[in-house]
Amino acid sequence: GSSYNNSSDPSANSACVLVSRCETNALLPGLRDGPDDGIPGSLDDDRGSGTPSTSSQTELSTFTPRYLHHAIAGATAGAVVEALLFPIDTIKTRLQSGNFLPSVQSGRHDSSLKAAMDSHFARQKLFHRPLAGVTPAVLGAMPSSALFVGSYEPTKSALLNLVQRTGGDVDKWSSACHLGAAAFASCVSAIVRTPTEVLKQQGQMAVQGTPTFELCRDLVRKSGLRGLYQGGWSMLMRDIPFNVIEFVTYEQLRRSLKNLKSRPSDQSELTSKESALIGCMAGALTGALTCPLDMLKTRMMLNEMAGKAWWQAVREIVSKEGPAVFWSGIGPRVVWIGVGGSIFFATLDIMEKSLLAYTTQRENDASKKVRRKQNQQQQRVTLEV
(Lines give C-alpha, C1' and ligand atoms only; values in the text may rest on other atoms or scores of the structure.)
Protein backbone atom coordinates (compact mmCIF):
# COMPACT_ATOMS: atom_id res chain seq x y z
CA GLY A 1 0.00 0.00 0.00
CA SER A 2 0.98 3.59 -0.30
CA SER A 3 1.47 6.25 2.24
CA TYR A 4 -1.88 7.76 1.75
CA ASN A 5 -2.00 7.11 4.24
CA ASN A 6 -0.33 6.54 0.88
CA SER A 7 -1.02 7.44 1.18
CA SER A 8 -1.19 5.58 2.04
CA ASP A 9 -2.71 6.32 4.72
CA PRO A 10 -3.67 7.78 5.89
CA SER A 11 -9.49 10.93 13.11
CA ALA A 12 -7.64 11.43 16.32
CA ASN A 13 -4.00 12.37 15.81
CA SER A 14 -1.96 12.34 18.99
CA ALA A 15 1.16 13.21 17.01
CA CYS A 16 -0.28 16.51 15.80
CA VAL A 17 0.51 19.67 17.72
CA LEU A 18 -2.44 22.03 17.61
CA VAL A 19 -0.81 25.37 16.90
CA SER A 20 -2.64 28.45 15.69
CA ARG A 21 -1.27 30.73 13.03
CA CYS A 22 -0.80 33.37 15.71
CA GLU A 23 1.02 30.97 18.01
CA THR A 24 3.07 29.68 15.12
CA ASN A 25 4.37 33.15 14.39
CA ALA A 26 5.58 33.38 17.99
CA LEU A 27 7.06 29.88 18.13
CA LEU A 28 8.67 29.84 14.68
CA PRO A 29 9.72 33.42 13.95
CA GLY A 30 10.82 34.23 10.46
CA LEU A 31 9.59 31.01 8.88
CA ARG A 32 6.61 32.63 7.25
CA ASP A 33 8.89 35.01 5.40
CA GLY A 34 11.19 32.25 4.17
CA PRO A 35 11.09 30.41 0.85
CA ASP A 36 8.28 28.09 -0.01
CA ASP A 37 9.03 24.65 1.34
CA GLY A 38 6.09 22.36 1.19
CA ILE A 39 2.70 21.23 0.12
CA PRO A 40 -0.17 23.69 0.05
CA GLY A 41 -1.05 24.83 3.53
CA SER A 42 2.44 24.57 5.00
CA LEU A 43 3.52 27.13 7.55
CA ASP A 44 5.42 29.29 5.14
CA ASP A 45 2.37 29.96 2.99
CA ASP A 46 1.32 33.53 3.70
CA ARG A 47 -2.32 33.53 2.76
CA GLY A 48 -5.31 35.18 4.33
CA SER A 49 -5.81 38.76 5.35
CA GLY A 50 -2.85 39.17 7.66
CA THR A 51 -1.78 38.14 11.12
CA PRO A 52 -3.98 39.26 14.03
CA SER A 53 -2.46 41.52 16.63
CA THR A 54 -0.54 40.11 19.59
CA SER A 55 -3.22 41.25 22.00
CA SER A 56 -5.74 38.96 20.35
CA GLN A 57 -3.56 35.84 20.18
CA THR A 58 -5.15 34.12 23.17
CA GLU A 59 -8.68 34.70 21.99
CA LEU A 60 -7.96 33.57 18.43
CA SER A 61 -5.79 30.54 19.20
CA THR A 62 -8.68 28.07 19.05
CA PHE A 63 -9.58 29.12 15.51
CA THR A 64 -6.33 28.20 13.74
CA PRO A 65 -5.09 24.68 14.60
CA ARG A 66 -2.88 24.56 11.52
CA TYR A 67 -1.46 21.10 12.15
CA LEU A 68 -4.97 19.80 12.70
CA HIS A 69 -5.69 21.06 9.17
CA HIS A 70 -2.90 18.84 7.86
CA ALA A 71 -4.25 15.84 9.79
CA ILE A 72 -7.82 16.32 8.54
CA ALA A 73 -6.70 16.90 4.96
CA GLY A 74 -4.41 13.85 5.08
CA ALA A 75 -7.13 11.62 6.53
CA THR A 76 -9.58 12.69 3.84
CA ALA A 77 -7.09 12.25 1.00
CA GLY A 78 -5.98 8.82 2.23
CA ALA A 79 -9.52 7.51 2.59
CA VAL A 80 -10.54 8.80 -0.86
CA VAL A 81 -7.59 7.09 -2.55
CA GLU A 82 -8.16 3.76 -0.79
CA ALA A 83 -11.88 3.75 -1.57
CA LEU A 84 -11.54 4.66 -5.26
CA LEU A 85 -8.55 2.51 -6.23
CA PHE A 86 -8.85 -0.48 -3.91
CA PRO A 87 -9.58 -3.11 -6.64
CA ILE A 88 -6.24 -2.28 -8.30
CA ASP A 89 -4.49 -2.80 -4.98
CA THR A 90 -6.22 -6.16 -4.62
CA ILE A 91 -4.95 -7.32 -8.02
CA LYS A 92 -1.43 -6.20 -7.11
CA THR A 93 -1.48 -8.07 -3.79
CA ARG A 94 -2.71 -11.30 -5.40
CA LEU A 95 -0.04 -11.13 -8.08
CA GLN A 96 2.65 -10.70 -5.43
CA SER A 97 1.48 -13.58 -3.24
CA GLY A 98 3.46 -16.78 -3.62
CA ASN A 99 0.30 -18.88 -3.20
CA PHE A 100 -1.95 -17.24 -5.75
CA LEU A 101 -0.94 -18.22 -9.30
CA PRO A 102 -0.34 -21.81 -10.38
CA SER A 103 3.27 -22.89 -10.71
CA VAL A 104 4.83 -23.07 -14.15
CA GLN A 105 7.53 -25.30 -15.51
CA SER A 106 10.76 -25.69 -13.53
CA GLY A 107 8.74 -25.13 -10.38
CA ARG A 108 9.05 -21.38 -10.52
CA HIS A 109 6.19 -19.04 -9.80
CA ASP A 110 5.08 -16.71 -12.59
CA SER A 111 3.42 -13.70 -10.98
CA SER A 112 3.00 -11.57 -14.06
CA LEU A 113 -0.35 -10.11 -15.02
CA LYS A 114 -0.01 -11.73 -18.45
CA ALA A 115 0.32 -15.19 -16.88
CA ALA A 116 -2.81 -14.60 -14.84
CA MET A 117 -4.78 -13.47 -17.87
CA ASP A 118 -3.64 -16.49 -19.90
CA SER A 119 -5.00 -18.90 -17.28
CA HIS A 120 -8.80 -19.05 -16.99
CA PHE A 121 -8.60 -20.35 -13.42
CA ALA A 122 -6.09 -17.70 -12.36
CA ARG A 123 -8.07 -14.99 -14.12
CA GLN A 124 -11.18 -15.91 -12.15
CA LYS A 125 -9.26 -15.84 -8.88
CA LEU A 126 -7.57 -12.56 -9.77
CA PHE A 127 -10.82 -10.65 -10.22
CA HIS A 128 -12.90 -12.52 -7.64
CA ARG A 129 -14.20 -10.25 -4.87
CA PRO A 130 -12.02 -7.23 -5.74
CA LEU A 131 -13.27 -5.29 -2.68
CA ALA A 132 -12.24 -7.95 -0.17
CA GLY A 133 -10.45 -6.21 2.69
CA VAL A 134 -11.68 -2.73 1.78
CA THR A 135 -13.15 -2.03 5.24
CA PRO A 136 -9.88 -2.07 7.22
CA ALA A 137 -8.14 -0.32 4.33
CA VAL A 138 -10.46 2.69 4.27
CA LEU A 139 -10.95 2.92 8.03
CA GLY A 140 -7.23 2.51 8.65
CA ALA A 141 -6.23 4.98 5.94
CA MET A 142 -7.87 7.84 7.82
CA PRO A 143 -5.88 7.72 11.09
CA SER A 144 -2.65 6.54 9.42
CA SER A 145 -2.75 9.30 6.80
CA ALA A 146 -3.68 11.83 9.48
CA LEU A 147 -0.69 10.72 11.53
CA PHE A 148 1.61 10.88 8.52
CA VAL A 149 0.64 14.31 7.18
CA GLY A 150 0.05 15.68 10.67
CA SER A 151 3.59 14.77 11.74
CA TYR A 152 5.29 15.42 8.39
CA GLU A 153 4.30 19.07 8.19
CA PRO A 154 5.42 20.26 11.66
CA THR A 155 8.63 18.20 11.43
CA LYS A 156 9.44 19.68 8.02
CA SER A 157 8.75 23.20 9.25
CA ALA A 158 10.82 22.69 12.40
CA LEU A 159 13.79 21.38 10.40
CA LEU A 160 13.62 24.25 7.90
CA ASN A 161 13.32 26.71 10.75
CA LEU A 162 16.40 25.16 12.40
CA VAL A 163 18.38 25.57 9.18
CA GLN A 164 17.26 29.18 8.89
CA ARG A 165 18.08 30.00 12.51
CA THR A 166 21.57 28.53 12.22
CA GLY A 167 22.30 30.60 9.12
CA GLY A 168 22.14 27.72 6.67
CA ASP A 169 20.98 27.86 3.06
CA VAL A 170 17.32 26.78 3.12
CA ASP A 171 17.29 26.00 -0.62
CA LYS A 172 20.35 23.79 -0.24
CA TRP A 173 18.99 21.89 2.76
CA SER A 174 15.33 21.70 1.74
CA SER A 175 15.57 18.17 0.29
CA ALA A 176 17.32 16.90 3.42
CA CYS A 177 14.60 18.46 5.59
CA HIS A 178 11.86 16.88 3.50
CA LEU A 179 13.69 13.54 3.65
CA GLY A 180 14.00 13.63 7.43
CA ALA A 181 10.38 14.68 7.89
CA ALA A 182 9.09 11.93 5.59
CA ALA A 183 11.17 9.26 7.36
CA PHE A 184 9.96 10.36 10.78
CA ALA A 185 6.32 10.55 9.65
CA SER A 186 6.59 7.02 8.20
CA CYS A 187 7.60 5.66 11.60
CA VAL A 188 4.78 7.53 13.35
CA SER A 189 2.07 6.39 10.93
CA ALA A 190 3.31 2.77 11.04
CA ILE A 191 1.77 2.45 14.50
CA VAL A 192 -1.66 2.36 12.86
CA ARG A 193 -0.77 1.49 9.30
CA THR A 194 0.91 -1.87 10.00
CA PRO A 195 -2.08 -3.68 11.57
CA THR A 196 -4.32 -2.06 8.98
CA GLU A 197 -2.16 -3.39 6.17
CA VAL A 198 -2.01 -6.88 7.71
CA LEU A 199 -5.80 -7.10 7.98
CA LYS A 200 -6.30 -5.63 4.53
CA GLN A 201 -3.98 -8.06 2.78
CA GLN A 202 -5.26 -11.03 4.75
CA GLY A 203 -8.74 -10.02 3.63
CA GLN A 204 -7.66 -9.66 -0.01
CA MET A 205 -6.39 -13.25 -0.02
CA ALA A 206 -9.31 -14.79 1.91
CA VAL A 207 -11.25 -16.99 -0.50
CA GLN A 208 -14.48 -17.17 1.49
CA GLY A 209 -14.74 -13.49 2.36
CA THR A 210 -13.87 -13.72 6.04
CA PRO A 211 -15.12 -10.63 7.93
CA THR A 212 -12.46 -8.26 9.23
CA PHE A 213 -13.43 -8.87 12.85
CA GLU A 214 -12.89 -12.62 12.45
CA LEU A 215 -9.54 -12.09 10.73
CA CYS A 216 -8.42 -9.84 13.58
CA ARG A 217 -9.69 -12.26 16.24
CA ASP A 218 -7.99 -15.26 14.64
CA LEU A 219 -4.67 -13.42 14.31
CA VAL A 220 -4.73 -12.29 17.92
CA ARG A 221 -5.69 -15.78 19.17
CA LYS A 222 -2.93 -17.40 17.17
CA SER A 223 -0.08 -14.94 17.67
CA GLY A 224 -1.28 -12.35 20.16
CA LEU A 225 -1.09 -8.66 19.34
CA ARG A 226 2.22 -9.35 17.61
CA GLY A 227 0.21 -11.05 14.89
CA LEU A 228 -1.19 -7.68 13.86
CA TYR A 229 2.35 -6.39 13.41
CA GLN A 230 3.79 -9.32 11.48
CA GLY A 231 5.96 -8.01 8.68
CA GLY A 232 6.26 -4.69 10.49
CA TRP A 233 9.96 -4.29 9.75
CA SER A 234 9.41 -5.05 6.07
CA MET A 235 6.65 -2.43 6.15
CA LEU A 236 9.08 0.21 7.41
CA MET A 237 11.69 -0.97 4.90
CA ARG A 238 9.18 -0.15 2.17
CA ASP A 239 7.43 2.90 3.60
CA ILE A 240 10.47 4.94 4.63
CA PRO A 241 12.12 4.93 1.18
CA PHE A 242 8.70 5.16 -0.47
CA ASN A 243 7.64 8.27 1.42
CA VAL A 244 11.10 9.82 1.22
CA ILE A 245 11.26 9.41 -2.56
CA GLU A 246 7.64 10.42 -3.17
CA PHE A 247 7.50 13.48 -0.94
CA VAL A 248 10.98 14.76 -1.80
CA THR A 249 10.18 14.32 -5.50
CA TYR A 250 6.81 16.01 -5.09
CA GLU A 251 8.27 18.94 -3.13
CA GLN A 252 11.07 19.51 -5.64
CA LEU A 253 8.77 19.21 -8.66
CA ARG A 254 6.44 21.67 -6.99
CA ARG A 255 9.22 24.18 -6.35
CA SER A 256 10.55 23.77 -9.90
CA LEU A 257 7.13 24.27 -11.47
CA LYS A 258 6.49 27.40 -9.43
CA ASN A 259 9.90 28.81 -10.39
CA LEU A 260 9.36 27.87 -14.03
CA LYS A 261 6.03 29.67 -14.19
CA SER A 262 7.52 32.72 -12.42
CA ARG A 263 4.22 33.62 -10.85
CA PRO A 264 3.74 36.84 -8.92
CA SER A 265 3.64 36.53 -5.14
CA ASP A 266 -0.14 36.77 -4.96
CA GLN A 267 -0.45 33.76 -7.30
CA SER A 268 2.36 31.65 -5.87
CA GLU A 269 0.26 28.58 -5.11
CA LEU A 270 -0.19 25.81 -7.65
CA THR A 271 -3.65 24.89 -8.82
CA SER A 272 -5.22 21.60 -7.77
CA LYS A 273 -4.73 20.27 -11.31
CA GLU A 274 -1.03 21.07 -11.17
CA SER A 275 -0.75 19.38 -7.77
CA ALA A 276 -2.49 16.33 -9.24
CA LEU A 277 -0.10 16.21 -12.21
CA ILE A 278 3.10 16.32 -10.21
CA GLY A 279 1.56 14.00 -7.62
CA CYS A 280 0.93 11.46 -10.39
CA MET A 281 4.52 11.76 -11.64
CA ALA A 282 6.00 11.40 -8.14
CA GLY A 283 3.70 8.49 -7.30
CA ALA A 284 4.32 6.50 -10.48
CA LEU A 285 8.10 6.87 -10.18
CA THR A 286 8.09 5.89 -6.51
CA GLY A 287 5.74 2.97 -7.05
CA ALA A 288 8.04 1.48 -9.68
CA LEU A 289 11.27 1.96 -7.70
CA THR A 290 9.89 0.43 -4.50
CA CYS A 291 8.08 -2.54 -6.07
CA PRO A 292 10.62 -5.13 -4.82
CA LEU A 293 10.27 -3.84 -1.26
CA ASP A 294 6.49 -3.93 -1.57
CA MET A 295 6.55 -7.50 -2.85
CA LEU A 296 8.71 -8.59 0.10
CA LYS A 297 6.38 -6.79 2.51
CA THR A 298 3.37 -8.60 1.01
CA ARG A 299 4.95 -12.02 1.44
CA MET A 300 5.91 -11.23 5.05
CA MET A 301 2.50 -9.88 6.01
CA LEU A 302 0.68 -12.84 4.47
CA ASN A 303 2.86 -15.03 6.71
CA GLU A 304 4.23 -16.89 3.69
CA MET A 305 7.72 -16.49 5.16
CA ALA A 306 6.77 -17.61 8.68
CA GLY A 307 9.63 -17.55 11.16
CA LYS A 308 12.11 -16.04 8.72
CA ALA A 309 13.91 -12.72 8.91
CA TRP A 310 13.63 -10.47 5.88
CA TRP A 311 17.10 -11.34 4.56
CA GLN A 312 16.30 -15.05 4.87
CA ALA A 313 13.04 -14.47 3.03
CA VAL A 314 14.89 -12.66 0.23
CA ARG A 315 17.37 -15.50 -0.12
CA GLU A 316 14.63 -18.14 -0.24
CA ILE A 317 12.53 -16.23 -2.79
CA VAL A 318 15.51 -15.69 -5.07
CA SER A 319 16.59 -19.34 -4.87
CA LYS A 320 13.11 -20.73 -5.56
CA GLU A 321 11.56 -18.19 -7.91
CA GLY A 322 14.36 -16.02 -9.26
CA PRO A 323 15.04 -12.29 -8.75
CA ALA A 324 12.50 -11.22 -11.38
CA VAL A 325 9.66 -12.21 -9.06
CA PHE A 326 10.37 -9.12 -6.95
CA TRP A 327 8.82 -7.05 -9.73
CA SER A 328 5.53 -8.93 -9.49
CA GLY A 329 2.51 -6.67 -9.77
CA ILE A 330 4.55 -3.68 -10.96
CA GLY A 331 1.96 -2.77 -13.61
CA PRO A 332 -1.03 -2.48 -11.25
CA ARG A 333 1.21 -0.89 -8.60
CA VAL A 334 2.45 1.90 -10.89
CA VAL A 335 -1.10 2.62 -12.06
CA TRP A 336 -2.43 2.51 -8.51
CA ILE A 337 0.26 4.71 -6.97
CA GLY A 338 0.40 7.08 -9.96
CA VAL A 339 -3.34 7.71 -10.12
CA GLY A 340 -3.49 7.57 -6.33
CA GLY A 341 -0.78 10.20 -6.07
CA SER A 342 -2.70 12.59 -8.29
CA ILE A 343 -5.91 12.08 -6.29
CA PHE A 344 -4.10 12.28 -2.95
CA PHE A 345 -2.22 15.52 -3.54
CA ALA A 346 -5.15 17.18 -5.33
CA THR A 347 -7.51 16.26 -2.48
CA LEU A 348 -4.91 17.40 0.04
CA ASP A 349 -4.60 20.74 -1.76
CA ILE A 350 -8.36 21.28 -1.93
CA MET A 351 -8.87 20.37 1.73
CA GLU A 352 -6.00 22.56 2.92
CA LYS A 353 -7.30 25.59 1.02
CA SER A 354 -10.87 25.03 2.18
CA LEU A 355 -9.87 24.64 5.83
CA LEU A 356 -7.57 27.65 5.64
CA ALA A 357 -10.31 29.81 4.12
CA TYR A 358 -12.71 28.73 6.86
CA THR A 359 -10.36 29.41 9.76
CA THR A 360 -9.09 32.66 8.23
CA GLN A 361 -12.67 33.93 8.12
CA ARG A 362 -13.14 32.95 11.75
CA GLU A 363 -9.90 34.70 12.65
CA ASN A 364 -11.02 37.86 10.91
CA ASP A 365 -14.39 37.78 12.67
CA ALA A 366 -12.74 37.21 16.03
CA SER A 367 -10.19 39.95 15.35
CA LYS A 368 -12.98 42.41 14.62
CA LYS A 369 -14.70 41.39 17.83
CA VAL A 370 -11.51 41.97 19.83
CA ARG A 371 -11.00 45.39 18.23
CA ARG A 372 -14.59 46.36 19.04
CA LYS A 373 -14.06 45.43 22.68
CA GLN A 374 -10.82 47.40 22.77
CA ASN A 375 -12.52 50.44 21.23
CA GLN A 376 -15.39 50.21 23.70
CA GLN A 377 -12.95 50.01 26.62
CA GLN A 378 -11.01 52.98 25.27
CA GLN A 379 -14.21 54.99 24.89
CA ARG A 380 -15.23 54.18 28.48
CA VAL A 381 -11.81 55.30 29.75
CA THR A 382 -12.08 58.50 27.73
CA LEU A 383 -15.56 59.27 29.13
CA GLU A 384 -14.38 58.62 32.67
CA VAL A 385 -11.48 61.01 32.21
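The model is predicted. The protein chain has 13 helices and one strand. Of its 385 residues, 52% count as buried. The structure holds 20 salt bridges, and the count of aromatic pairs comes to seven.

**Fold and surface**

- The accessible surface of the protein chain is about 17200 Å². Carbon and sulfur atoms make up 62% of that surface.
- Leucine 199 sits in helix α7, which spans residues 170–205. Its relative accessibility is 11%, so leucine 199 counts as buried.
- Leucine 199 and leucine 228 are 29 residues apart along the chain, and their C-alpha atoms are separated by 7.5 Å.

- Aspartate 89 pairs with lysine 200 in a salt bridge, with the closest N and O atoms 2.6 Å apart. Aspartate 89 belongs to helix α3 (residues 66–96) and lysine 200 to helix α7, so this bridge ties together parts 111 residues apart in sequence.
- Both ends of that bridge are covered. Aspartate 89 is buried at a relative accessible area of 0%, and lysine 200 is buried at 1%.
- Aspartate 171 and arginine 255 also form a salt bridge, at 2.6 Å from N to O. Because aspartate 171 lies in helix α7 and arginine 255 in helix α9, the pair ties together parts that are 84 residues apart in sequence.
- Aspartate 171 is partly exposed, with a relative accessible area of 46%. Arginine 255, at 13%, counts as buried.
- Arginine 333 forms a salt bridge with aspartate 294; the closest N and O atoms are 3.4 Å apart. Arginine 333 is in helix α13 and aspartate 294 in helix α11 (residues 291–301), so parts 39 residues apart in sequence are tied together.
- Arginine 333 and aspartate 294 are both buried.
- Shared partners join salt bridges into one network of Asp89, Lys92, Arg193, Glu197, Lys200, Arg238, Asp239, Asp294, Lys297 and Arg333.

**Aromatic pairs**

- The chain's aromatic pairs come to seven. One of them, tyrosine 152 with phenylalanine 247, is tilted: the centres are 4.8 Å apart and the planes stand at 55 degrees.
- This pair links distant parts of the chain, 95 residues apart. Tyrosine 152 is in helix α6 (residues 134–165), and phenylalanine 247 is in helix α9 (residues 232–261).
- Tyrosine 152 is buried, with a relative accessible area of 0%. Phenylalanine 247 is buried too, at 1% relative accessibility.
- Tryptophan 310 and tryptophan 311 form an edge-to-face pair, because their planes lie at 85 degrees, with ring centres 5.9 Å apart.
- Tryptophan 310 is partly exposed at 37% relative accessibility, whereas tryptophan 311 is exposed at 51%.
- Tyr152 and Phe247 also belong to one aromatic cluster, together with Phe148, Tyr250, Phe344 and Phe345.

**Positive surface patch**

- Lys368, Lys369, Arg371 and Arg372 form a positive surface patch.
- Arginine 372 is part of helix α13, which covers residues 330–384.
- Arginine 372 has a relative accessible area of 48% and is partly exposed.

Methods. Residues are numbered from 1 along each chain as its sequence is written. This is a predicted model: local features need pLDDT of at least 70, side-chain atom pairs count only at pLDDT 80 or more; totals for chains, interfaces and linings use all residues. Side-chain values use heavy atoms; hydrogens and water are left out. Patches are made of residues with over 30% relative accessible area and no salt bridge: like charges are joined within 9 Å, nonpolar side chains (Val, Leu, Ile, Met, Phe, Trp, Tyr) within 5 Å. Accessible areas come from the Shrake-Rupley method with a 1.4 Å probe; for residues, only the protein chains shown count as cover. A salt bridge is a side-chain nitrogen of Lys or Arg within 4 Å of a carboxyl oxygen of Asp or Glu. Lys and Arg count as positive and Asp and Glu as negative; His and the chain ends are not counted. The place of a charge is taken as NZ of Lys, CZ of Arg, CG of Asp or CD of Glu. Helices (H or I, at least four residues) and strands (E, at least two) are DSSP runs, numbered from the N terminus. Buried means under 20% relative accessible area, exposed over 50%, partly exposed in between (1.4 Å probe, protein chains only). Rings of Phe, Tyr and Trp (its six-membered ring) pair if their centres lie within 6.5 Å; planes under 30 degrees apart count as stacked, over 60 as edge-to-face and the rest as tilted.
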